[in-house]
Amino acid sequence: LSRSRSVPFIIPPTLHGRDWINLTNEEQVQEDSDPYMIPQSGPRSSFHSLAGAYVVGTINPELYKFPEDKSETDFPEGNIGRLWFSIEYEQESERLLVSLIKVRKLQPPADSCSPFVKIYLLPDERSYLQSKTKRKTLNPQFDENFVFQVSSKMLLQRTLKFLVYHVDKQKKHHLLGQVIFPLKNETLTDDNKLVIWRDLEKENLEPPSEYGDIQFSLSYNDYLGRLTVVVLRARGLKLQEESHAVSVYVKVSLMNHNKFIKSKKTAAVLGSPNPVYNETFSFKADQTELDTASLSLSVLQSIKGEKTHLLGRVVVGPFMYARGKELEHWNEMISKPKELVKRWHALCYS
């Protein structure tokens with residue numbers, strides 16, 4: 001509809017028996033005897049009375065529209081693209097159904113862009129499913145369906161990874177960005193199809209450091225005196241043995257004057273050198289303590305029946321405890337209160 005029709009607003013017959021006066025176009029309006037029943041003088045409708053009910057004005061449907069979907073229009077600064085997909089899990093056949101819907105606003109390395117997407121179900125890094133390539137577009141519409149076989153027991157420990165590539169004229173592949181989506185927080189039941197969108201992130205393309213790397217966000221709320229750590233993921237970990245019995249978790253400890261204050265742990269992820277966590281922890285820390293406080297993040301591996309083994313750690317904090325990237329991250333957190341500051345750090349082994 002190009003022009004929205006106005007909808008008649010009708011007084012039902014139960015309100016009859018009042019003093020109504022006839023108007024010329026067969027509408028009726030009540031006299032001033034009851035101030036609450038006076039219709040606002042608005043556009044007169046040409047509807048006739050329906051079964052003894054009377055039109056007293058019209059409603060403009062334009063005022064009652066649903067808010068528009070902002071995901072198509074609100075792109076943050078520095079955005080490198082946004083990907084839409086849906087997921088559904090069939091309990092009976094133990095199949096995870098993934099629909100790749102579309103990508104919008106890609107930032108290509110060259111003038112033209114011919115994108116395609118590879119889809120992984122981590123921790124399996126070796127096999128993937130691949131979409132068709134779309135020719136010369138920054139806004140590819142895929143609408144393709146993919147199936148992963150995965151038991152319901154393992155489902156919530158798996159993570160979907162989408163890699164968006166551009167194919168150039170020499171048939172070379174250039175990675176444009178990625179989306180990492182852990183399934184552990186999702187309620188995946190039969191007939192429950194979740195449609196999801198995520199912004200592409202730049203993949204950390206440098207090779208992992210010797211003991212691997214960890215990515216986390218820091219945020220300090222000076223008003224609440226609260227220090228927040230979001231443990232995002234680790235990569236390139238040197239596991240003691242490659243097996244599904246190995247589980248890896250991150251322990252986050254708050255220290256003050258090198259004295260241990262409190263620690264919290266992520267859930268353990270099974271058998272992956274590139275575990276994804278996305279877990280948030282908050283610590284009480286007064287603003288006056290920030291010069292002497294520090295955070296230690298340790299990546300630990302445990303094997304059933306054996307003792308826990310440290311894979312690497314990183315300490316972020318003020319000048320007293322940290323230098324380089326670790327000190328920069330801490331200072332940036334303090335200079336941007338309430339904002340989440342996200343960074344990768346190399347793990348050390350000491």
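Modeller: Let me start with a convention: two strands count as paired if DSSP finds at least two bridges between them. Please also keep in mind that this model is predicted.

Colleague: Good to know. How many bridges join strand S5 to S12, and in which sense do they run?

Modeller: S5, which covers residues 82-90, is joined to S12 by six bridges, and the two run antiparallel. One of the bridge pairs sets arginine 82 against aspartate 199 in S12.

Colleague: Which sheet are these strands part of, and what is its strand order?

Modeller: They belong to an open sheet of four strands, with the order S9-S6-S5-S12 and antiparallel pairing. S9 (141-149) and S12 (194-199) are the edge strands; each has a single partner strand, so one side of each lacks a neighbour in the sheet. On average, neighbouring strands here are turned by 25° against each other, with direction ignored.

Colleague: Back to the residues, then. What kind of side-chain link does arginine 82 form with aspartate 199?

Modeller: For a salt bridge we look for a Lys or Arg side-chain nitrogen within 4 Å of a carboxyl oxygen of Asp or Glu. Arginine 82 and aspartate 199 meet that criterion, with their closest N and O atoms 2.5 Å apart. The pair ties together distant parts of the chain, since arginine 82 in strand S5 and aspartate 199 in strand S12 are 117 residues apart.

Colleague: Are the two partners buried or exposed?

Modeller: The cut-off for buried is under 20% relative accessible area. Arginine 82 has 2%, so this residue is buried. Aspartate 199 has 26% and is partly exposed.

Colleague: How many salt bridges does a search of the whole structure find?

Modeller: The search gives 10. Among them, arginine 95 and glutamate 90 meet through their side chains at 3.1 Å, N to O. Arginine 95 is partly exposed at 30% relative accessibility, and glutamate 90 is partly exposed at 25%. Another one is formed by glutamate 201 and arginine 233, with 2.9 Å between the closest N and O atoms. In that pair, glutamate 201 sits in the loop between S12 and strand S13 (213-221), while arginine 233 is in strand S14 (residues 226-235), 32 residues apart. Arginine 233 is buried, with a relative accessible area of 10%. There is also a network, in which salt bridges with shared partners join Glu328, Glu332, Lys336 and Arg343.

Colleague: Now for a strand as a whole. Which way do the side chains of S7 point?

Modeller: The general idea is that side chains in a regular strand alternate between the two faces of the sheet. In S7, Pro115, Val117, Ile119 and Leu121 point one way, and Phe116, Lys118, Tyr120 and Leu122 point the other way.

Colleague: Which strands pair with S7?

Modeller: S7 pairs in the antiparallel sense with S10 (residues 159-167) over eight bridges, and phenylalanine 116 has tyrosine 165 in S10 as its bridge partner. S7 also pairs with S8 (residues 129-130), again antiparallel, over two bridges. There, isoleucine 119 stands opposite leucine 129. S7 and S8 make a hairpin, with six residues between them.

Note on methods. Residues numbered from 1 in each chain as written. Predicted model: local features only at pLDDT ≥ 70, side-chain atom pairs only at ≥ 80, totals over all residues. Heavy atoms only, no water. Axes fitted to C-alpha atoms, helices over the stretch in contact; angles between N-to-C directions. Buried < 20%, exposed > 50% of the residue type's maximum accessible area, 1.4 Å probe, protein only.
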